[in-house]
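Q: I am new to this structure. Could you take a close look at the salt bridges for me?

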Amino acid sequence: MSALRSARLLGSAVVVLLLVGCNPFSGARSMMDEYVERVGRVLDAKPEFSEIPAAKIIPRRRNRVLPMPDLELGMLDFLSLYGCELQYVVGEKNSVMGKVMQPLNRLRYEVRFIRAAGECLKTVDNEELQDVLRKAIVSKRESLPIAIWNATWGVEEVETLFTLAKGEYPVDVQDPLTDLARDARQLNKSVAVLLEQNLEVDLGFWGKVHQRWQAEYRAGQLINSAWLVTARLGDATRLIRQRLDNRPLCLNGKSNNQSDIVQGMFFSIYIGKIQPYLADLRRARTDFIEPLSELAVMQSEVMPPGFQEWSRSTLALGGRESVWANLDNAVKTHTKAWQALLEQCGLRPGA
């Protein structure tokens, strides 16, 4: 009896899994394809699926990391002879580990150097040393934006965050981008202060931000979804326009059986399924992509050319190349097409 019961339970579980697997609205790609299919079906039109534009891959690290100017060896040797804290800071940089610093540790070193050199300048009487210290501080402050860039966009972890290999942003996402969004806003505040040459900044949380980037891939998923939705909304818009340009859905503004079916699909699928996903994408863009866009814009003066090209497509919120501007345009155009179609039957929402 127990064996029979176990077999029934197993069979029920398999059926549930099959039903979930067959649900076209469980994933972004299948949902958008299904939507185009249904628009074509209720309008008696054959759907055609356009090619989804290929999202640009974030430039390789060797093309993102900027060369960091260093003080002349003679100057470093000279500074390392004196007994203030700067002696120990310089000594750490000249060590074996100091020569292979990761970007964040290099930024920490640059900040420590400027601070220590400023404190040392207050205590020494030697004019030659004072002159060397002033020149070193000026040089380090001038190159600080490069160290900041390398510790944000030059780190390896950002490649995982923007990988395109993890598909699209989930439908009915259960783990909103709260932590990533908070990290981005906090990081922006820190970078803005540093770029103003204010060194009283806590860099301790930067490492945790990088760790989260290494464990997440939401930015890449959002980019994939933006291109996918843009393409499929365009496909559905073309189907609606074909109907508008040919046989009207309704005559004299009177609804009929087909218009009732069209309206039902509009509310159940477009309003019930597609629009909530569009809202999720908009929210994720506002909470997460926009702060990342601001992070890049703040550092535009040192941004490498290859990164500029990628940023115009991926991070920029406006412009012809921007995936986000293209998505906004696709949503707006699609909404107007639906309004024009339903208005033929006196069914325009809000009318």
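A: Buried means under 20% relative accessible area, exposed means over 50%, and partly exposed lies in between (1.4 Å probe, protein chains only). This is a predicted model, where local features need pLDDT of at least 70 and side-chain atom pairs pLDDT 80 or more, while totals for chains, interfaces and linings use all residues. Residues are numbered from 1 along each chain, and side-chain values use heavy atoms, without hydrogens or water.

There are 20 salt bridges, counted when a side-chain nitrogen of Lys or Arg is within 4 Å of a carboxyl oxygen of Asp or Glu. Let's begin with D70 and K140, whose closest N and O atoms are 3.7 Å apart. D70 sits in the loop between α3 (61-64) and α4 (73-79) and K140 in helix α7 (helices being DSSP runs of H or I, at least four residues), so this pair ties together parts 70 residues apart in sequence. D70 is partly exposed at 38%, whereas K140 is buried at 1%.

Next, D183 meets R212 at 2.5 Å, N to O. D183 belongs to helix α9 (residues 178-195) and R212 to helix α10, so parts 29 residues apart are tied together. Here D183 is buried at 5%, while R212 is partly exposed at 24%.

Now look at R285, where helix α12 (residues 257-298) bends by about 40°, the angle between axes fitted to the seven residues ending there and the seven starting there. R285 forms a salt bridge with D328, at 3.1 Å between the closest N and O atoms. D328 lies in helix α14 (residues 323-343), 43 residues away from R285. D328 is partly exposed at 33%, and R285 is buried at 12%. Finally, shared partners join D33, R232, D235 and R238 into one salt-bridge network.

Key
Helices (H or I, at least four residues) and strands (E, at least two) are DSSP runs, numbered from the N terminus.
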